[in-house]
Amino acid sequence: MAEMNTLPTVTAKNYFDPDIEMAYMGSTQVKNFMRCEAAELARLKGEYRSAATTAMLVGSYVDAHFEGSLDVFQAQHPELFKRDGTLKAEFSHANDIISRMEADELYSLLMSGQKQVIRTGEIAGVPFKVKIDSLLDGNTCAEIVRRFPETASVMGLCDGAIVDQKVMRDLEDVWDGTERAYVPFWRAWGYDVQGAIYQAVEGHLWPFLLAVGTKEDEPDLQALHIRDEVLAPKLAEIEDAVPRFQAIKAGREAPRRCEHCAYCRATRKLTRIIDAEELEAPYGEAED
Ligand SMILES: [Zn+2]
């Protein structure tokens, strides 16, 4: 606990600042470290920056809308606009997705909680920070069950729920290069890892829900619950993994290269000639 006292306070404004990112682990860091330690350390040190893709920016745009900070977001991101000052097609479509979300009663209730709630805590002795899109209280959970009785099995017995909003290309399975198989999108993108971290750091073990909208021409919606039985083994995996990630951040352990990601490709130095028959099949690269 003595160490906790020396940690800087996490706020909405400094949440992604480099010193805060170095002081606290977050779910994106864990997901990235699990994928490639070398790439994530380089990113945290500011030595490597994967371009913020338009796909990620669309997700942030929708988040900003629900947080009520779209004006600020637009002012900070001139790249949302065309030269004539109107929104680029992707962000104009994001407005359609938002309209679709807001027209749905259950979706709106799920997003009606306290927005962008920051919490800090520890997992396996490592300081963590999380930012929850919509934190529901017990009254809202009860109201959801009253209006939508079929949600009772998920929301019926809790004093709160953790909702994360996702804007996905679609709801189809995704190719996972590590598992070398098509897996549900929420597993491919590590939303089970995120859920386990959010639940542990928030501390109440409330249900972890995904409120999903898609970027398809006719945007689809879905409300998903990742059950505690799915999150528990993920948390155990995270507890095993994060002391090493923390040691890598502190410079006490050397990061391993995955040799498959964009960072590893960009920084590969040839030092030997390999037998052609030893060449590993390339991993399928995950998309946004
Ligand atoms: Zn790599």
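Two residues are taken to be in contact if their C-beta atoms, placed from the backbone, lie within 7 Å. The structure described here is a predicted model, in which local features need pLDDT of at least 70 and side-chain atom pairs count only at pLDDT 80 or more, while totals for chains, interfaces and linings use all residues. Residues are numbered from 1 along each chain as its sequence is written.

The C-alpha trace spans about 65 × 55 × 40 Å along its principal axes. Among contacts with a separation of 6 or more, 67% join residues 24 or more positions apart. Of the 288 residues, 29% count as buried, a term for residues with 20 or more other C-beta atoms within 10 Å of their own, whereas 12 or fewer make a residue exposed and numbers in between partly exposed.

H3 packs against helix H12 (residues 191–202) at an angle of about 140 degrees, with the axes 9 Å apart. That angle makes H3 oblique to H12. Axes here are lines fitted to C-alpha atoms, for helices over the stretch in contact, and angles run from 0 to 180 degrees between N-to-C directions. Angles under 35 degrees count as roughly parallel, over 145 as roughly antiparallel, 65 to 115 as roughly perpendicular and the rest as oblique. On the H3 side, Ser 27, Val 30 and Lys 31 meet Val 193, Gln 194, Ile 197 and Tyr 198 of H12. This contact of H3 with H12 comprises four nonpolar, two polar and one charged residues, where Ala, Val, Leu, Ile, Met, Phe, Trp, Tyr, Cys and Pro count as nonpolar, Asp, Glu, Lys and Arg as charged, and the others, Gly among them, as polar.

H3 also packs against helix H4 (residues 37–44), with axes 6 Å apart and an angle of about 140 degrees. H3 and H4 are therefore oblique to each other. Here Gln 29, Asn 32 and Phe 33 of H3 meet Glu 37, Ala 39, Glu 40 and Arg 43 of H4. Two nonpolar, two polar and three charged residues make up the contact of H3 with H4.

H12 in turn meets H13, their axes coming within 8 Å and crossing at roughly 85 degrees. The two helices are therefore roughly perpendicular to each other. Among the residues making this contact are Val 193 and Ile 197 of H12 and Leu 231 and Leu 235 of H13. By class, the contact of H12 with H13 has eight nonpolar, two polar and two charged residues.

Trp 175 lies in strand E4 (residues 174–176) and is partly exposed, with 15 other C-beta atoms within 10 Å.

How values were computed: Helix = DSSP H or I, 4+ residues; strand = E, 2+ residues; numbered from the N terminus.
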